[in-house]
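Me: I have not looked at this structure before. Please take me through some of the terms used for it.

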Amino acid sequence: MMSKDQISLSRRRLLAGASVAAAASFVGGASSVMAKAPMQNMQAPAVYRLKVGAIEATVVSDGPLPMGEPKADVFVGLSKEDLTKALTDNFLPTDNVVLEQNVLVLNTGDKVVLFDTGMGTDKMLGPNTGRLPANLKAAGIDAKDVDAVVLTHAHPDHCFGLTTEGGGPTFPNAQIYMAQSDFDFWTDEAKLGNEMLKGFVAGARARLLPNRDRVVFIKDGQEILPGVQAMAAPGHTVGHTVYMITSQGKTMCCGGDIAHHYVVVVENPRLEFAYDTDGKQAVASRLRVFDMLAAQRIPVLPYHFPWPGIGHLAKRGDGYRYFPAPMQTAL
Ligand SMILES: [Zn+2]
């Protein structure tokens, strides 16, 4: 351990060093002293690969969703101050609550299966969304090769990417799997008159209705594709569904919006979210799914958790704790 004196001494040296370097670059003028490389000003492609038994899984980002400054009742009953404190305590920015969009792609050997589609070209939830197509390409996945698009639910950040700018299908050869209750709710013309819902409903209608003949409705508990089992987890939306993916004795859960924030909601799983259709039911579903995942030590990929979003949940008192899985640099 360094003593306090040593720390302040090395700090002083560091500061002195910094000012010498600053002076050198000032005296030396533009670029004559130090070699410089151009700033890249962009992140590397957001693609992350892992195996689930014999299945190759790839997480592909559609880009971040900024929710803005902490506000009261985004998580119902949580004050702005308490939300800010939770963010501060976890070393997170307090000027912007940012959620990710982690799209899961499976290659089962036989089928390419994509879970949720991101925002597509719609920027209603922020300027950095809509990155899925570019990241899929970077992952070596051709949209034409996608056999199945499986939706956890029909909110904008999960289904708007079904269509391209011109309204054509992004995944022209895919069947679309989803709960009928969500299809019916979010394409319901009568809800266009609801101020709160109309943007979401109009957008979902534009994506889902033209693709109606490709939609396959799923049932709770059904193995919708080999190794992919649907599990109803309603509340966030009426038909919100998570999926259990199993191969060769390994299982992972594609968790959709079972929780939106990896600290605030995991530690306080009884918090309802402002965008839940039925907050109480969403909480009941969350507790049931979390209990199962924790007891069976099954890894989960929630759509909005920090990139790439895979980790475990463990019980801690009345709540849970999220343990992100270490990212592997080799498969
Ligand atoms: Zn979402």
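Reply: Two strands count as paired if DSSP finds at least two bridges between them. The model here is a predicted one.

Me: What makes β2 and strand β5 (residues 102-107) a pair?

Reply: β2 and β5 are joined by six bridges in the antiparallel sense, and the definition asks for at least two, so they count as paired. Ser 61, for instance, has Asn 102 in β5 as its bridge partner.

Me: Why is strand β2 (residues 55-61) called mostly covered?

Reply: Buried means under 20% relative accessible area, and six of the seven residues of β2 are buried.

Me: Which protein atoms are donors of the zinc ion?

Reply: They are Asp 157 (OD), His 158 (NE2), Asp 257 (OD) and His 304 (NE2), at 2.0 to 2.3 Å from the zinc ion. The cut-off for a donor is within 2.8 Å, so these atoms qualify.

Me: Why is the site of the zinc ion called irregular?

Reply: The angles among its four donor atoms run from 87 to 170°. Tetrahedral needs all angles between 85 and 135 degrees, so the 170° angle rules that out. The site is classed as irregular.

Me: What does the pair Asp 157 and His 304 tie together?

Reply: Asp 157 lies in helix α4 (residues 156-159) and His 304 in the loop between β14 (300-302) and β15 (311-316), so the pair links parts 147 residues apart in sequence. Both Asp 157 and His 304 are buried.

Technical notes. Residues numbered from 1 in each chain as written. Predicted model: local features only at pLDDT ≥ 70, side-chain atom pairs only at ≥ 80, totals over all residues. Heavy atoms only, no water. Donors = N, O, S within 2.8 Å, 3.2 Å for Na, K, Ca; no water. Tetrahedral: all angles 85-135°; square planar, octahedral: opposite > 155°, others 65-115°. Helix = DSSP H or I, 4+ residues; strand = E, 2+ residues; numbered from the N terminus. Buried < 20%, exposed > 50% of the residue type's maximum accessible area, 1.4 Å probe, protein only.
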